[in-house]
Amino acid sequence: MQLIAHLNFNGNCREAFDFYREAFRGEITQRMTYGESPMCDQMPPDSKGLIMHNQLEAAGATLMGADGPPPHEAKTGGTCINISVEDPAEAERLFHALSAGGDVQMPLQETFWATRWA
């Protein structure tokens, strides 16, 4: 299992990750806007330039981030951690364990980028 910090932004994810790339002397290994994604047609027109996924690799560490599209903009004090596992059954188990009594914003499901995502 790998735990990866995921930072949420309100339109300035690109600038933040460009700054982090320089500060950490890292490499941006993935960057996709909502307009470049397969779900482009489902997004509000003003969100197409926002970052859907950004990934920075630096000194063996990974940092992820995105701009939240309306109505999922980042809220002050919010935290997100990406939990990467190899087995979909383990993803199901972890989702049910971690969501018990919580506020699920996205049910666990298959997406174009993952077999399981929530």
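This is a predicted model: local features need pLDDT of at least 70, side-chain atom pairs count only at pLDDT 80 or more; totals for chains, interfaces and linings use all residues.

Guide: Happy to. Patches are made of residues with over 30% relative accessible area and no salt bridge, where like charges are joined within 9 Å and nonpolar side chains (Val, Leu, Ile, Met, Phe, Trp, Tyr) within 5 Å. Accessible areas come from the Shrake-Rupley method with a 1.4 Å probe, and for residues only the protein chains shown count as cover. Met1, Leu3, Ile83 and Leu98 make a nonpolar surface patch of about 450 Å².

Residues are numbered from 1 along each chain as its sequence is written, and side-chain values use heavy atoms, leaving out hydrogens and water.

Now to the salt bridges (a side-chain nitrogen of Lys or Arg within 4 Å of a carboxyl oxygen of Asp or Glu): the structure holds five. Asp18 and Arg21 meet in one of them, at 3.3 Å from N to O. Both lie in helix H1 (residues 13-24), three residues apart, about one turn of the helix; helices are DSSP runs (H or I, at least four residues), numbered from the N terminus. Arg21 also pairs with Glu22, with the closest N and O atoms 3.5 Å apart. Elsewhere, Arg116 forms a salt bridge with Glu92, with closest N and O atoms 2.8 Å apart. That pair links distant parts of the chain, 24 residues apart: Glu92 is in helix H2 (88-99), and Arg116 in the segment after helix H2. Finally, salt bridges that share partners join Asp18, Arg21, Glu22 and Arg31 into one network.

Conventions:
Helices (H or I, at least four residues) and strands (E, at least two) are DSSP runs, numbered from the N terminus.
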